[in-house]
Amino acid sequence: MASELPIPPEVLSDPESFEIIRVWAANGAQWVTMESSFSGGPTNFGYMIADLIQHGARLYSQRESIPVREALEHIVAGVPKELQRQDSTITGSIAHDA
């Protein structure tokens, strides 16, 4: 059964907050839902991914007891490998409200 992660208090206190992305692991794959109506372009999406990578590096640094920089290097090394491997397997479309 799926479980939700807690929403940060800062999000709850901002009436203009909105969710951008959700990622699940199910049936041996990742499943993603993204908000498509927010402003910005591909470069802004890259900024968001870079921020997520930094959060991930901090998580792995604390969990694995390694320096943040080392965790970051491992994460970054995996990105081009996954992009090459997954290039043609991503599916989906923009959902339009009727």
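Analyst: A residue is called buried when its relative accessible area is under 20%, and exposed when that area is over 50%. In this predicted model, buried residues make up 8% of the 98 residues.

User: Why is Ser61 called buried?

Analyst: The relative accessible area of Ser61 is 11%. The cut-off for a buried residue is under 20%, so Ser61 with its 11% is counted as buried. Ser61 belongs to helix α2, which covers residues 42-64.

User: Which residues are in contact with Ser61, leaving aside its neighbours within four places in sequence?

Analyst: They are Ile66, Pro67, Val68 and Ala71. Contact requires heavy atoms within 4.5 Å.

User: What makes the pair of Ser61 and Val68 a polar contact?

Analyst: A polar atom of the Ser61 side chain lies 3.5 Å from the backbone nitrogen of Val68. The limit for such a pair of N or O atoms is within 3.5 Å, so the distance of 3.5 Å meets it.

User: Why is Ala2 called exposed?

Analyst: Ala2 has a relative accessible area of 66%. Exposed means over 50%, and therefore Ala2 at 66% is exposed. Ala2 is found in the segment before α1 (9-12).

User: What is noted about the phi of Asn27, and why does Asn27 count as exposed?

Analyst: Asn27 is not a glycine, yet its phi is positive, at about 55 degrees. Its relative accessibility is 79%; the cut-off is over 50%, so Asn27 counts as exposed. Asn27 sits in the loop between β1 (21-26) and β2 (29-34).

User: Why does Ser65 count as exposed, and where is it placed?

Analyst: With 67% relative accessibility, Ser65 counts as exposed, because the term applies over 50%. Ser65 is in the loop between α2 and α3 (68-86). Its phi is near 55 degrees, a positive value in a residue other than glycine.

User: How do you know how the radius of gyration of the protein stands against that of a compact globule?

Analyst: A compact globule of 98 residues would have a radius near 13 Å, but the protein has 16 Å. The C-alpha trace spans about 50 × 40 × 35 Å along its principal axes.

User: How many helices and strands are there, and in what order do they run?

Analyst: There are three helices and two strands, and from the N terminus on they run α-β-β-α-α.

Key. Residues numbered from 1 in each chain as written. Predicted model: local features only at pLDDT ≥ 70, side-chain atom pairs only at ≥ 80, totals over all residues. Heavy atoms only, no water. Helix = DSSP H or I, 4+ residues; strand = E, 2+ residues; numbered from the N terminus. Rg over C-alpha atoms; globule rule 2.2 N^0.38 Å. Buried < 20%, exposed > 50% of the residue type's maximum accessible area, 1.4 Å probe, protein only. Polar contact = N/O pair within 3.5 Å; in protein donor to acceptor, adjacent residues only side chain to side chain.
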